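Subject: Structure handover

Hello,

Please find the structure below. My notes on what was found in it follow.

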Amino acid sequence: MHVIAIANQKGGCGKTTTAINLSAALGEDGARVLLIDMDPQGHASLGLGQSTLGRAGLFEVLNGQNDLDDVIQDGVAWGVDLVPATISLAAVEHVLSDRPERERQLIKHLETVAHRYDYAILDCPPSLGLLAVNALRAASQVLVPMDASLYALDGLQRLRELVHLIETRYDLDIPLRLLPIMFDTRTRLARSLFDHLLEQGLNTCATRIRACVKIREAALQGQSLLAYAPRAPVAADYRNLALELRSQATAQQRATTLETTTTATPIEAHEIVLNFQDLECRRLQIAGDFNDWIPDGGVETRQLDGSWQKVLHVAEGAYEYRVIIDGIWQQDPTNPYEVPNNLGGNNSLLRV
Ligand SMILES: Nc1ncnc2c1ncn2[C@@H]1O[C@H](COP(=O)(O)OP(=O)(O)OP(=O)(O)O)[C@@H](O)[C@H]1O
Ligand SMILES: [Mg+2]
């Protein structure tokens, strides 16, 4: 499970909007997503039309009253479950401060549901207290929405200091990535802020989120923008962001696999047999993330009674691939699961 914390100390710079719509875009793309509202304002819950009145949420989990599983609201958007927050969460700093391992409370609870989700998206509050520390400690990466303002820049600076502190203390590497929101680079202020960020060598998403009034309308209707206005340009921005993060996660996974292999630590590879029945062709090959897109690289082919089998050995994870039927690259006609690729078409998706 990839844990993405969406954080910036500056209020109102698009954290919750991004948490909701990134979750919706990942869910729409076939991922299993757990959205966690970590803000006592409860905006992620509200923005998805979830009433939190009288319901247990993250506060009850962190103070030991409930298991995380008990408070999850299933299917708040396609592929997305929610851990809601209520105003009582404001008291959690006090509760946590007395705990041993107070910075590891969230990660401990997340571990109990990690097998059920591909992503946990953490909508952080606009402050850097213990809740934010718990989020950063659990995060595999931090996404920092930035609008074109000096305050957002200041928020970023403080966040970087805190991330650095947590990295040093726990010997972690928590990559931080900026997400420009409503950043109109035609204005001089936005351009000079952007140049300043680039000079600092900060990692920035290729995707930019454009301004759109429909975002407010969607929140009022208690829906993600992707559900409310699926054809709005900003919905496409969030879909692109999901794609960017997914391909980056796959690349990271590949790098980790490579690292693990070279240090000779055995990774658990599973034998996967793909069956292709009634496929009339002279030659069938397969290429994807699992074999660096080299047709049939490391793949065994079996032919039985007119049907084909491809045998792969792969670790757990999600892999994009295509089949090559008589020399023509195409989606796997036997697999309904697909993800858009950078070429404007789709790849088939294999989840192990
Ligand atoms: N791309 C966008 N275009 C237009 N309006 C937007 C966009 N993104 C966010 N907004 C609006 O900006 C306001 C603040 O957004 P949001 O609540 O997501 O910020 P936040 O960082 O979560 O705030 P807080 O720090 O209070 O939690 C909201 O009214 C939201 O509808
Ligand atoms: Mg918010």
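In this predicted model, a polar backbone atom of C212 lies 2.9 Å from a nitrogen atom of ligand 1. Ligand 1 exposes 640 Å² when taken alone, and the protein buries 84% of that area. R210 also places a polar backbone atom 2.9 Å from a nitrogen atom of ligand 1. On the oxygen side, a backbone N or O atom of G12 is 2.9 Å from an oxygen atom of the ligand.

The surroundings of ligand 1 comprise 18 residues. K15, T16, T17, R210 and C212 are the closest of them.

Next, the second largest pocket. Its space comes to about 720 Å³. The lining consists of 31 residues, and those closest to the pocket centre are G14, T16, T17, I215 and R216.

Helix 1 supplies the largest share, with five residues. Sorted by class, the lining has 15 nonpolar, eleven polar and five charged residues.

On confidence, the mean pLDDT of the protein chain is 87, and 94% of the residues score at least 70. Which elements have the lowest and the highest mean pLDDT? The lowest mean, 75, belongs to helix 12 (residues 233-262). Strand 2 (residues 33-37) has the highest, at 98.

Regards

Notes:
Residues numbered from 1 in each chain as written. Chains lettered and ligands numbered in written order. Predicted model: local features only at pLDDT ≥ 70, side-chain atom pairs only at ≥ 80, totals over all residues. Heavy atoms only, no water. 1 Å grid on protein atoms, 1.4 Å probe; cavity = no way out; pocket = protein on both sides within 12 Å on 5 of 7 lines; lining within 4 Å. Points joined across faces, edges and corners; volume = space filled by probe spheres on them. Helix = DSSP H or I, 4+ residues; strand = E, 2+ residues; numbered from the N terminus. Nonpolar A, V, L, I, M, F, W, Y, C, P; charged D, E, K, R; others polar. pLDDT = per-residue confidence, 0-100. Near = heavy atom within 4 Å. Polar contact = N/O pair within 3.5 Å; in protein donor to acceptor, adjacent residues only side chain to side chain. Areas by Shrake-Rupley, 256 points an atom, 1.4 Å probe, with all protein chains shown as cover.
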